[in-house]
Amino acid sequence: MIIDTLDNLAKYEALNPLFKEVTAFIREHDLTKLAPGKYPIKGDDVFVNVQVAKGKAPDEAVIESHRRMIDIQIPVDGPETYGYTPLCNLPQVEYDEAKDIMKYPDLMAESFVDCQPGMFAIFCPQDGHAPCISMMPEIKKVIFKVKA
């Protein structure tokens, strides 16, 4: 897991060559003005989901992980907290290959980190994460999905 400001996102391009597609998209688009929906960037390798999600309490947020994709999550209109548990500390659960997701209900994350608008969080396949923790009833967020 990586947490930083959007001003520094380009510094992480060396981690994955497809991250350059994300930084280019952010330079060319105002994330606050994107309507909810899915936006293709580079086929199935890089795309972005813009969503308005219900804010959850820490004990309501479900930990998830992915095998094929990296998440770059960006809160747009207010702070978002993410729960974090390394994949190696999570139990085996069923993998939904079509949605590239494993969910771990009824588990509380081991730690939590706050992310403000203007910041991002990167979650790799080894990072179990519980998104959408917020005191706000709804949060707008942008999630870039990048092939790992």
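1. Basis. The model is predicted, so that local features need pLDDT of at least 70 and side-chain atom pairs count only at pLDDT 80 or more, while totals for chains, interfaces and linings use all residues. Residues are numbered from 1 along each chain as its sequence is written, and side-chain values use heavy atoms, with hydrogens and water left out.

2. Salt bridges. The structure holds three salt bridges, the term standing for a side-chain nitrogen of Lys or Arg within 4 Å of a carboxyl oxygen of Asp or Glu. Lys33 counts as exposed because its relative accessibility is 68%, whereas Asp30, at 38%, counts as partly exposed (buried is under 20% relative accessible area, exposed over 50% and partly exposed in between, with a 1.4 Å probe and protein chains only).

3. Asp71 and Lys145. These two side chains meet in a salt bridge at 2.5 Å, N to O. Asp71 belongs to strand β5 (residues 69-75) and Lys145 to strand β11 (residues 138-147), so the pair ties together parts that are 74 residues apart in sequence. Both Asp71 and Lys145 are buried. Strands here are DSSP runs of E with at least two residues, numbered from the N terminus.

4. Lys141 and Glu80. The salt bridge between these side chains spans 2.6 Å, N to O. Because Lys141 lies in strand β11 and Glu80 in strand β6 (residues 80-86), the pair ties together parts that are 61 residues apart in sequence. Both residues, Lys141 and Glu80, are buried, and Lys141 counts as such at 1% relative accessibility. Leaving aside neighbours within four places in sequence, Lys141 is in contact (heavy atoms within 4.5 Å) with residues including Asn49, Gln73, Tyr82 and Cys132.

5. The largest pocket. About 570 Å³ of space lies in the largest pocket. A pocket is, on a 1 Å grid over the protein atoms alone, an open set of points where a 1.4 Å probe fits, with protein on both sides within 12 Å along at least five of seven lines, and lining residues have an atom within 4 Å of a point. The lining has 25 residues, of which Glu64, His66, Lys99, Ile101 and Lys145 lie nearest the centre. Two or more residues each come from β3 (46-54), β5, β10 (127-133) and β11, with β3 giving the most, four residues.

Definitions and conventions
Grid points are joined across faces, edges and corners, and a volume is the space filled by probe spheres set on the points.
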